[in-house]
Amino acid sequence: MPANAISTNVPVLQLTDIRKTFGGITAIEKFSLDVHPGEIVALVGDNGAGKSTLIKIVSGVHPPTSGSIAIDNEIVAMSNATMARARGIEVVYQDLALADQQSVYMNMFLGREPVNRFGLLDRRRMIAETEQLVKELDVRIPSAHATIRDLSGGQRQGVAIARATHWASKLILLDEPTAALGVAETAKVEEIVLSLKSRNIGVLIISHSLDQVFRLSDRICVLRRGRQIGVRKTAETDKNQIVAMITGLQEH
Amino acid sequence: MRTMLKSLVALASLTVATTAFAADGATTGPHGETPTPAASLTLTPQQEDEIKASKFTAALVWHEMSEYTNAVNSGAHDEFKRLGIEVVAQTDAGFDAARQKSDVETVLAKKPSIIVSLPVDPATAAAVYDPARAAGVKLAFVDNSPAGYEQGKDYVTIVSDDLFQMGNKAAVAMADALGKKGKVGYIFHDADFYVTNQRDGAFKKTVEQDYPDMKIVAEAGMADPARAEEIAQGMITQNPDLDGIYVTWAEPALSVLSTLRAAGNSHTRIVTLDLNEPAALDMVKGGNVAALVADEAYNIGVTVARAAAGSLVGQEVQPFLVVDSLAVTKDNVADGWKKSLNKDVPATVADAMK
Amino acid sequence: MPIANAGAADRTGGFASRFNLQQYVVYLGFLAIFLFFAVVLRDSGFLTVRNLSNIVLQTAPATIMAIGLVFVMAAGEIDLSIGSIVAVAALAAAVTINAYGLAPGVLAGLGAGLLIGFVNGALVAYVKLPSFLVTLATMGLFAGVSRSMTNLRSIPVTDSTFTGFFGSGSLLGVPSLIWWTVIAVAVGHLVFRESRFGAHVLATGDNARAAAVSGISVPRIRLAVLTISGGLAGLAGLLYAGRLQAAKYTLGETDLMTVIAAVIVGGTLLNGGKGSIVGALVGSLMMGMLNNGLILMGLSVSDQMIVRGLIILAAVAVSLREKNR
C-alpha cells in the first residue's frame, strides 16, 4: 500500500449510524465517518457539540447506544480503552495523561512495559526504543531519562504524541493537542502531527483553531448539538463555510 | 541533702507509728513478698566510702515518664550523686515493651554497673532484661519485677509504695473530713491491676473495720478513666445525700469534682490518691476535695538507688521495700508536695493559700 | 517564543543540579549523624559492633513496616493501621502457636496482617473511600481488637523454633532479624524498582487517571499495596513476638510516626509517584541510630525527645524541599 494514499483504500475506521444517549439525553445522532490510512480528519464544532463524546466512543470508553464501528472493515465491539488499544487505536488526551514524576521512557511504555526473561523491566529496550522514536519524530527532549515535569509543555505534548505513535497501528485520536502551547511549540507539534501521515495511520483531531485545522487536515467534519452537519474536503472549502456550518447559518 | 533524708526517714517512721492502730492488713509484694520499710535500709560510712571509691555507673530505664516517674527519677539521681555514682543514661519506653528491650540493649553499650528500671510488662519482661542479667549488671526494680526472676540472684530488690497504707490513709482522711460518720461513695478501679486493687481494697476494709458510723452506700467500678464523669453522675443522681466520695486516683477524681460543681453540690467531700494540681487548688480554696493521699515517690528513687549501690558492696537487701505515704490536706499541702515529689508546691496552689 | 524556550532550558538546567542532592539527602543526613555520634560518643560504646548491630536489630520491624509503607505512599495512599496490625498479628501468632503449634501460628500472624490489609485495600479500591479515613478507622478498630483478644494480657511465646527464626536466633553467625531486614529490603527493592507492578504503583500514585487510561487497573494496584503493607506489618508483628518472646497489645503502637518519618526522609513522596525502598531502610536506620545515640549521650528523656524531634523536622524539611521545589 503506497504511503499518502488518501481515500483510495480500506478505511482504518468506519463509523456507521452512531447514536449515543445518556439517560434520556441524546449526545450523538446518526453519525457516520470514514478515516483512511495516512489521512488527517478534523472534528470541529462548538463546545458541547459532541466531539469529546465521539472521541470516547472511538477510544472504547463509551460504547455507542447503536450503530457500528469497523476497523479495517471488521465490525468491532469495544467496551473499554484497553480493547481499543488492542485494536491499534491510541488517544492523546487534552491533559496528556502523563505521569509527571516518571521518566520519558517509563511514560512511553506506561501500562505496557516490556520485561526480560526474569520478569524484570527491560529498561535497556525501553530507552533504546524511546530514543529512536523521539529522534524520528524530532521531539527535542534532553534524554529518554528526563522526568516529565522538567519538560516544557511542547516537549510533553511531543512525548504524548510519540507514545501514541509508538503503539497506534491504525488510528490516533488527538484531543486539542496544542490548546496550552505557545506559537513556536504549536508549530513544532503541528510538524510532528503532519509527519504521522507518512506512517500510514489515520488521525482524527479535535481543534478549536480553524487555522490549525486548515493547516493540518485533509477533511473536516462539522458537528453541532450532537448532529453531523457535514464533511468537507479541506482543499475544497474555506473558513467562512466551516464557520457557517458550526454556528448553524448553513445546514448542509 | 543528707540531713533532709534523715529527717524524711525520721518522719516516715513516725507516721508508721501513728497509723499502726489501723485496720489489719498489709501490702504484699507482686510475688507475695512481705514488705520491709524502706527506712530500714541504711549503708554504713565504710560502705559508702567503698562505693564512692569504685566509680560505679548507673542507667535508669523507665516505662514512661510521668510526674511519678519524674519524682522517682530525681530521687534516684540525687542518691546516686551522693554516692558518687554517675548516671550514664536514661530512657523512656512510652509503655512499649519492645522499646524497653531496645533501651536495655542500648544502655548496655555504656557498661553500667547498675540498671534501675520499672518493667512495662512484668509477665514477659525476662526477655527484656536477660541481656543485662547476662552481662552481670545489678538490676533493681521499682514496683514490679520480671516473672521468673529470683530476688537476690537475678535482681536486688523491688521498691514500691506501701499500697495498703495509702488506701488506709485515704480512709482515715475521709473519716477526719466527715467526723467519722456519714454515707460514702466508693469509685474503684475495675481492672486486674495490682497497684490500684490493693489501694482500693485497703480503703474499703479500713472504713468497714474501723469506722462503724461510716457506711459505703454506693459502689461503682471504673474500667475506663474517660468514663469517670458518667459514673459520678449516676452515683450522685441516685445518692444525692452522699457525704463523701473516694476516687481511685486523681485524674478521674477531677471528673467527679466537675460533676459535683455542675450539680451545685458543695457538701460532698472527695478523697483521692496522688498529688494533682487542680485537685489541690480546689482543696486549698475550700472546695469539695478534702485530702489527697500521696506516696513518697522521691523516696522510692532514693531507696532503689541505695539498694542497688549497697548490693555492689555486699549489702544484703530485703526483697520488697516500701516507702511511706502521707495524707495531704489544706493544712500541709506545701509540706506534702516537698515530701512526695521533692518539689515546691505549684505556684497556683501557693497563691491560693495566701 | 524565546520565552518558552528559555523556560525550558532553565528547567532542564535545574533538573541536573537538583537531581544529585535530592537523591542523596537521606544518605548525607545518615552519614552526618553517624559521624557526629562516632566523634562525640567515641568512648561510650557507640562504635562497637555490638551496639551497631543492636541498632539494625532494633529497627528491623520498623524497617519492614517502612517497606510496605513505601508501596502504599508511592501509590498515593497512606496506611495508618500498621501499628495496630502489628499487635493483632503478634497476638494471633502467639495464641495460635500456644494452641496449635508453630506453622499454624505463623500463618495466623501473617494471615491476620494480610487480611486486614486486604480489607483496607478493598474499602479504598472498590468502595472508593480515602485511605486516610479507612486506615484511621481500622487503626482504632484493631487497636480495640488487640486489646479484647486477650483481655489486655500479654501472651508468652515459648516455642524456641519460632523465637529463633523470627527474633532472637541467628544463621551463619548473623542474627535472624538482620536476615529478615536484608531479604525484605532486597525483595522489596526488586519488586518496587524492577517489576511492572512497581512501575504501575508509581504511575498510579503519580497520576491515577494517566495510569487508568494506560490500561493499569488502578483499583487493583490500591488493593495490592494496602494488602502488602498489611502483610509486612504482620511480619513485623512476628518479629516483635520473636524478639520479646511474648506478644502484647502495645506492640507497634508507637511505631507509626517513626515509620512515616523514615519513609519520608528516605525520599518517598507523601502524595505518591516517587519512592525508595533503600531510602526507607536508611531512614529507618537513621531513626534507630538517633534513639541509640541520644540515649548514649546521657541526655534526659525530655531532652532526647526534643533533640530527636528537631532532627527529624530538619531531615523531613530538607528532603521535602528538595523534592517539591
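# Notebook: strands, helices and contacts in a predicted model

I started in chain A, where A:Leu43 stands opposite A:Ile206 in S8(A). Before going on I noted the ground rules: this is a predicted model, local features need pLDDT of at least 70, side-chain atom pairs count only at pLDDT 80 or more, and totals for chains, interfaces and linings use all residues. Residues are numbered from 1 along each chain as its sequence is written, while chains are lettered from A and ligands numbered from 1 in the order in which they are written.

**Entry 1: S8 of chain A**

My element names are DSSP runs, numbered from the N terminus: helices are H or I with at least four residues, strands E with at least two. I call two strands paired if DSSP finds at least two bridges between them. Strand S3 (residues 40-44) of chain A runs parallel to S8(A), joined by four bridges. S8(A) also pairs in the parallel sense with strand S7 (residues 171-175) of chain A, over five bridges. There I found A:Val203 of S8(A) as the bridge partner of A:Ile172.

Is S8(A) mostly covered or exposed? Five of the five residues in strand S8 (residues 202-206) of chain A are buried, so I put it down as mostly covered. For me buried means 20 or more other C-beta atoms within 10 Å of the residue's own, exposed means 12 or fewer, and partly exposed is in between, with C-beta atoms placed from the backbone. A:Gly202, A:Leu204 and A:Ile206 point one way, A:Val203 and A:Ile205 the other, and all are buried.

**Entry 2: a hairpin in chain A**

Next I looked at strand S1 (residues 13-22) and strand S2 (residues 25-35) of chain A, which run antiparallel with seven bridges. A:Leu15 stands opposite A:Leu33 in S2(A). The hairpin has two residues between the strands, and A:Gly23 takes a positive phi near 60 degrees.

**Entry 3: the open sheet in chain B**

I traced six strands of chain B in an open, mixed sheet, in the order S8-S7-S9-S10-S11-S13. Its edge strands, S8 (214-222) and S13 (325-328) of chain B, each pair on one side only. Neighbouring strands are turned by 15 degrees against each other on average, direction ignored. Axes here are lines fitted to C-alpha atoms, for helices over the stretch in contact, and angles run from 0 to 180 degrees between N-to-C directions.

Strand S7 (residues 182-189) and strand S9 (residues 244-247) of chain B pair in the parallel sense over four bridges, and B:Ile187 stands opposite B:Val247 in S9(B). Helix H7 (residues 194-210) of chain B lies across S7, S8, S9 and strand S10 (269-273) of chain B, at about 165 degrees to S7(B).

**Entry 4: what chain C touches**

I count two residues as in contact if their C-beta atoms, placed from the backbone, lie within 7 Å. On that count, 25 residues of chain B are in contact with 26 residues of chain C. The largest share of chain B's side, nine residues, comes from H4(B). That side divides into 10 nonpolar, six polar and nine charged residues. My classes: Ala, Val, Leu, Ile, Met, Phe, Trp, Tyr, Cys and Pro are nonpolar, Asp, Glu, Lys and Arg are charged, and the others, Gly among them, are polar.

The contact of chain C with chain A takes 24 residues from chain C and 28 residues from chain A. H1(C) gives the most to chain C's side, with six residues.

**Entry 5: inside chain C**

Which residues of helix H6 (residues 160-168) of chain C are buried? I got C:Phe162, C:Thr163, C:Phe166 and C:Gly167. They cover an arc (of the directions from the helix axis to the C-beta atoms) of only 95 degrees, which puts them on the same side of H6(C). Their cover includes helix H3 (82-100), helix H4 (102-125), helix H7 (176-194) and helix H10 (218-244) of chain C.

Last stop was C:Gly266, in the loop between helix H11 (255-265) and helix H12 (277-296) of chain C. C:Gly266 counts as buried because it has 29 C-beta neighbours inside 10 Å. Its C-alpha atom is 8.4 Å from that of C:Tyr27, 239 residues apart along the chain. Leaving out residues up to four places away in sequence, I found C:Gly266 touching C:Val26, C:Ser276, C:Gly279, C:Ala280, C:Val282 and C:Gly283.
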